[in-house]
Amino acid sequence: MTADGTRVLVVDDQPPNVRLLEAILSPRGYDVVTASSGEQALELIGAEEIDLVLLDILMPGIDGYEVCRRIRDQVDTAYLPVVMVTASGDEQKVKALEAGADDFLTKPINQSELLARVASLARIKRYQDTIKRQAAELAGWNQELESRVEHQVSQLQRMGRLRRFLSPQLAELIVDSGDESFLASHRREIVVVFCDLRGFTTFAEASEPEEVMGVLEEYHHALGDLIFRFEGTLERFAGDGLMVFFNDPVRCEDAPLRALRMSVAMRTRVRGLAEAWSRRGHDLSLGIGAAQGYATLGTIGFDGRLDYAAIGSVTNLAARLCADAEPWQILATERVFSAAGDGVLGEDAGLREVRGFSRTVHAYSIRGLDNSRIAS
């Protein structure tokens, strides 16, 4: 029987007994450490890694029973294997077990019995060490898992907040990069699209709240899908009113074209909804306004409730054009219409007196798209 590296502490105040145990154990690969008193034994156990203790009972100062009890009282050594070396009397054996000994040997020491008991307890100690190591690893994995889950929950929460006003692609970019600096207040030219439902106020006054909420849910669901598809930034839902802008926070060279393509798609989709609403007795239609200009953009609000907003006259102009539009009409400023290119079909809607603006606005009514003339 060999046990390479197993460290055995031999505690005995009689040098001949210590030398005997060393002579038996060392050739079998055991690393023997010795102590001549109970006090010295406890110091060694506290300072070094001990795998097993061979403990004599009768020693000056602290006897073997007290040493064993103190070993058992410490959390780190509560399961350290202890073999008590006793005389032949049954009383000492009982007291050894009561003190917490795992096993005992009677004097004179039988070499085969000593090696068998030490090997057995050393094997148990290795199992204990394995379990302890695995428990520590499991605790580490659990801590790492908790940290990862906490991080993922935080990421999901951030993603949820960002997706309130950004496209999924942009929200994922911000979360993955951890960079929200471009959401800070800044000035940029944007294209704003504002739309709302004609006849909504009359419908809301004459309908039950549940019916109104049902119509709004269908309406928002349909338009929200298009906003994400065209990668617009949703500024807000306000009842039946909805505002989206392009070229911020991510720049896009085709912002005017993208805004009008989205507007045409919105009109087509809401027409389909309006047919179903009409069968339920609701007379609703859509109006859209689009304008281009500079605005100040960034997050506004307070902790726990933030929005990404655009502040400037361009947003008011889009809203005024929307209010001025006929049912199913898309009104865009001349600047937006011209910049969108030949792929957008429209007609001159003349100069408009727009409330809140000192100058007239040249507007165009958007009929549709010529996809053959729109670069893919």
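## Conventions

Contact here means heavy atoms within 4.5 Å. Helices (H or I, at least four residues) and strands (E, at least two) are DSSP runs, numbered from the N terminus. Axes are lines fitted to C-alpha atoms, for helices over the stretch in contact, and angles run from 0 to 180 degrees between N-to-C directions.

The model is predicted: local features need pLDDT of at least 70, side-chain atom pairs count only at pLDDT 80 or more, and totals for chains, interfaces and linings use all residues. Residues are numbered from 1 along each chain as its sequence is written, and side-chain values use heavy atoms, with hydrogens and water left out.

Five strands form an open sheet in the order 2-1-3-4-5, with parallel pairing. Strand 2 (31-35) and strand 5 (103-106) are the edge strands; each has a single partner, so one side of each lacks a neighbour in the sheet. From one strand to the next, the twist averages 20°. Pairing requires that DSSP finds at least two bridges between two strands.

Strand 4 (residues 82-86) pairs with strand 5 in the parallel sense, over four bridges. Val83 has Asp103 of strand 5 as its bridge partner.

## Helices across the sheet

Helix 1 (residues 15-25) lies across strand 1 (7-11), strand 2 and strand 3 (52-56). Helix 1 runs at about 170° to strand 2. Helix 3 (residues 64-73) lies across strand 3 and strand 4, and runs at about 170° to strand 4.

## Salt bridges

A salt bridge is a side-chain nitrogen of Lys or Arg within 4 Å of a carboxyl oxygen of Asp or Glu. By this rule there are 19 salt bridges. One of them joins the side chains of Arg7 and Asp31, at 3.0 Å from N to O. This pair links distant parts of the chain: Arg7 sits in strand 1 and Asp31 in strand 2, 24 residues apart.

## Helix 8 against helix 9

Helix 8 (residues 209-229) packs on helix 9 (residues 255-279) at an angle of about 160°, with the axes 10 Å apart. The two are therefore roughly antiparallel (angles under 35 degrees count as roughly parallel, over 145 as roughly antiparallel, 65 to 115 as roughly perpendicular and the rest as oblique).

Helix 8 contributes Val215, Glu218, Tyr219, Ala222, Leu223, Asp225, Leu226, Ile227 and Arg229 to the contact. Helix 9 contributes Met262, Ala265, Met266, Arg269, Val270, Leu273 and Trp277. By class, the contact has twelve nonpolar, no polar and four charged residues. Ala, Val, Leu, Ile, Met, Phe, Trp, Tyr, Cys and Pro count as nonpolar, Asp, Glu, Lys and Arg as charged, and the others, Gly among them, as polar.

## Pairings of strand 9

Strand 9 (residues 285-302) pairs with strand 6 (residues 186-198) in the antiparallel sense, over 13 bridges. Arg187 has Thr296 of strand 9 as its bridge partner. Strand 9 also pairs with strand 11 (residues 330-333), in the parallel sense, over three bridges. There, Ala290 is bridged to Ala332 of strand 11.

## Backbone details

The peptide bond from Lys107 to Pro108 is cis, with omega near -5°. Pro108 lies in the loop between strand 5 and helix 5 (111-162). The bond from Asp248 to Pro249 is also cis, with omega near 0°. Pro249 lies in the loop between strand 8 (241-246) and helix 9.

Glu231 has phi near 60°, a positive value in a residue other than glycine. Its loop runs between helix 8 and strand 7 (233-238).
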